[in-house]
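Subject: Structure for you to look at

Dear colleague,

Here is the structure I said I would pass on. My notes on its cavities follow below it.

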Amino acid sequence: MSEYGFWDSWLAVILAAIGTFIWRFAGVVLASKIPPHSPLMDWVNTMAYAMVAGVLMLMLVYPTGILAASGLDDRLLGLVTGVAAMMLSKRIILSLLCGILMFAASLHLF
Amino acid sequence: MSTSEPVALTAPQIRRIAAIDALRAPAYALGATMAGFATIAREAGFDVWMTISTSALVWGMPGQVAFASLYSAGASLFIIFVAVSLANMRMLLMVVSAADMMHLHLHQLPLWRRVVLMQFLAITSWAHLAVAKGTYPRHLLMPYFQGFSLTLFAFGMFGTVFGYFLPDMVPPDLLQIIIFITPIYIFLLIATARQKANRLAVLFGGLLCPLLYPMAGEWSILLAGMIGGTLAIAYARYIAKWHLQQDV
């Protein structure tokens, strides 16, 4: 199926691992340089939150693999239901269930 | 989580509590996410050992997915390296943020131990650390992270192996619903972050990233994080002045 030989394939795995490791390593080094409770650290935190929210929204709006077979409206309906349940109940597992059930219902009913 | 009794917990106890917290839902959800990756990897032509090694060594979903899709397209090793690095660049900020949240400097660990610890950082454990921060004393947050992230890692590995052989057994409709759990779960966790500035950052980043994606591709995550995070902190500090309130 692929045009890679045995060693090429494993080299690709090692390169993928290194490509992630460099950022973790840089993060560890950088973390020791930024003073805790500083405005700079608050900024790093908001950027981390925004970035993680971005990753999640990409998974939901432009999914890869099996999830891509569902409709965008199904996924967004599930998300909105989960968030609304969370705002009302403040209980995560309950809200998660509401979101998942709405997604499942939307997949099969509409 | 029982928080009422002020009994002093030891590090092994908090690791066990963290493992149980992970087993409440996030570990299964993450296992399912990794199962989803394994199905993509198998379609891309990975053998089972490459799939397991990728999950274990990369341990960052967007990078893993980028790797598998480029591999199936027959891209050069250089392109694979660049794309995976780009997709997981967010680890830099997450590691800095996680080190701050668990007060890592208190533990005076040598560099290699801090690096090994952060090798297990995933979005789920990062988001849970933010929750645990409000519940447990600061010196116990690192053991909490250890217990939580090792449990997740174990389930992630199970999920990977399972997913590699599973698709033949589970109907695709059910698999879709299972894979939907992780993004929703983490979104609910971060959308209820304790600090208002962080909640605002979730809103901005979550809106910006899908809007930027058609133009910026893999860069959209980084851009959404930087623009969304900067807007949120600027609003919080200079307009709303939330940091002057007691709550923060």
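Helix 2 of chain B gives the largest share of the lining of the largest cavity, 3 residues. Please keep in mind that this is a predicted model.

The structure holds 2 cavities of 30 Å³ or more. I take them in turn.

Largest cavity. Its volume is about 160 Å³. The lining is made up of 16 residues, and those that lie nearest the centre are B:Leu30, B:Met61, B:Ala122, B:Ile123 and B:Thr124. Two or more lining residues come from each of these elements: helix 2 (39–61) of chain A, and from chain B helix 2 (26–44), helix 4 (61–72), helix 8 (123–132) and helix 10 (172–191). Sorted by class, the lining has 11 nonpolar residues, 4 polar and 1 charged.

Second largest cavity. Chain A is represented in its lining by A:Met51, while chain B supplies B:Leu86, B:Ala87, B:Met89, B:Arg90, B:Glu218, B:Trp219, B:Ile221 and B:Leu222. The elements that give two or more residues to this lining are helix 5 (77–87) and helix 12 (219–239), both of chain B. Helix 12 of chain B has the largest share, with 3 residues. By class the lining of the second largest cavity divides into 7 nonpolar and 2 charged residues, with no polar ones.

Regards

Definitions and conventions: Residues are numbered from 1 along each chain as its sequence is written. Chains are lettered from A and ligands numbered from 1 in the order in which they are written. This is a predicted model: local features need pLDDT of at least 70, side-chain atom pairs count only at pLDDT 80 or more; totals for chains, interfaces and linings use all residues. Side-chain values use heavy atoms; hydrogens and water are left out. On a 1 Å grid over the protein atoms alone, a cavity is a set of points where a 1.4 Å probe fits but cannot get out, and a pocket is an open set with protein on both sides within 12 Å along at least five of seven lines; lining residues have an atom within 4 Å of a point. Grid points are joined across faces, edges and corners, and a volume is the space filled by probe spheres set on the points. Helices (H or I, at least four residues) and strands (E, at least two) are DSSP runs, numbered from the N terminus. Ala, Val, Leu, Ile, Met, Phe, Trp, Tyr, Cys and Pro count as nonpolar, Asp, Glu, Lys and Arg as charged, and the others, Gly among them, as polar.
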